[in-house]
Amino acid sequence: LKLDSRFAEAHINLGTSLYYLGWAEGNMGTDPRTTLSQAMGSFQDAIRIQPSAWAYRNLGLACTSKARAELLRGLPPDPSFQQAFEAYEKAIQMNPDHSAGYNNQGMAYGLKADYEVRVGRDPRPWLTRSLESFQKSLQINPKQVGALNNVGVIYKAMGEYEMAQGL
């Protein structure tokens, strides 16, 4: 970046490194929010220079991870969720055949559903969105094992919620 601050791929690479550092920090019990915010900034810089589905998807991943970190600390994750949802939508608009983009979007919706349960709200709208994203991922790539597993996780969550509510 010192040689060419307008090199979008360098910003994506920096953001990816920071994302993985934040992920490791979270796994070690350290608060990853600052590092994830830096990753988000790098992805946003790349998008300003040269918008791409890849940069938007990675931004969504960093935002989703930040929302998870906020949830674990009892902080409101809604702004991070909103940023993640917007980033995934833009990634999918730019590349509608991006199976992993739909899978990642579905995981963010699933995490939002978990949050809704924690605050006493009905998670089913978010579970439905999550399921639809995973199904779209599988339409594009039937061998997307992660999406196939995630469909099962969402059906399980829907059943558990409805059983708990006596529905």
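**Burial, packing and charge pairs**

Biologist: What is the relative accessible area of Asp78?

Modeller: Buried means under 20% relative accessible area, exposed over 50%, and partly exposed in between, using a 1.4 Å probe and protein chains only. Asp78 falls in the partly exposed class because its relative accessible area is 32%.

Biologist: What kind of model is this, and which atoms count?

Modeller: Residues are numbered from 1 along each chain as its sequence is written, and side-chain values use heavy atoms, with hydrogens and water left out. Local features need pLDDT of at least 70, side-chain atom pairs count only at pLDDT 80 or more, and totals for chains, interfaces and linings use all residues, since this model is predicted.

Biologist: With which residue does Lys112 form a salt bridge, and how far apart are the closest N and O atoms?

Modeller: A salt bridge here is a side-chain nitrogen of Lys or Arg within 4 Å of a carboxyl oxygen of Asp or Glu. For Lys112 the partner is Asp78, and the closest N and O atoms are separated by 2.8 Å.

Biologist: How many residues apart in sequence are the parts that this pair ties together?

Modeller: Helices are DSSP runs of H or I with at least four residues, and strands are runs of E with at least two, numbered from the N terminus. Lys112 is buried, at 8% relative accessible area. Lys112 sits in helix α5 and Asp78 in helix α4, so the parts they tie together are apart in sequence by 34 residues.

Biologist: Which residues are linked in a network with Asp78 and Lys112?

Modeller: The count of salt bridges by this rule comes to eight. The network of salt bridges links Asp78 and Lys112 with Glu116 and Arg121.

Biologist: In which helix do Asp45 and Arg48 lie?

Modeller: Asp45 and Arg48 form a salt bridge with closest N and O atoms 2.3 Å apart. Asp45 counts as partly exposed at 27% relative accessibility, while Arg48 counts as exposed at 59%. An α-helix has 3.6 residues a turn, so residues three or four places apart point the same way. Asp45 and Arg48 are three residues apart, about one turn, and both lie in helix α2.

Biologist: Which residue meets Asp122 in a salt bridge?

Modeller: Asp122 is partly exposed, with 32% relative accessible area. Its salt-bridge partner, at 2.7 Å from N to O, is Arg124.

Biologist: Which side chain of opposite charge is nearest to Arg57, and how far away is it?

Modeller: Arg57 is placed in helix α3. Lys and Arg count as positive and Asp and Glu as negative, while His and the chain ends are not counted. Arg57 is buried yet has no salt bridge, and the nearest side chain of opposite charge is that of Glu89, at a distance of 14 Å.

Biologist: Which residues does Arg57 touch?

Modeller: Contact means heavy atoms within 4.5 Å. Residues up to four places away in sequence are not counted, and Arg57 then touches Tyr88, Ala91, His98, Ala100, Gly101 and Asn104.

Biologist: How many residues of α3 are buried?

Modeller: α3 is mostly covered, and of its 20 residues the number buried is 17.

Biologist: Which helices do the buried residues of α4 pack against?

Modeller: The buried residues of α4 are Ser80, Phe81, Ala84, Phe85, Ala87, Tyr88, Ala91 and Ile92. They cover an arc of only 165 degrees, taken over the directions from the helix axis to the C-beta atoms, which puts them on the same side of α4. On the other side of α4, Pro79 and Gln93 are exposed. The buried residues pack against α3, α5 and α6.

Biologist: Which residues are in contact with Leu59?

Modeller: Neighbours within four places in sequence are left aside. The contacts of Leu59 are then Met40, Phe43, Gln44, Ile47 and Ala87.
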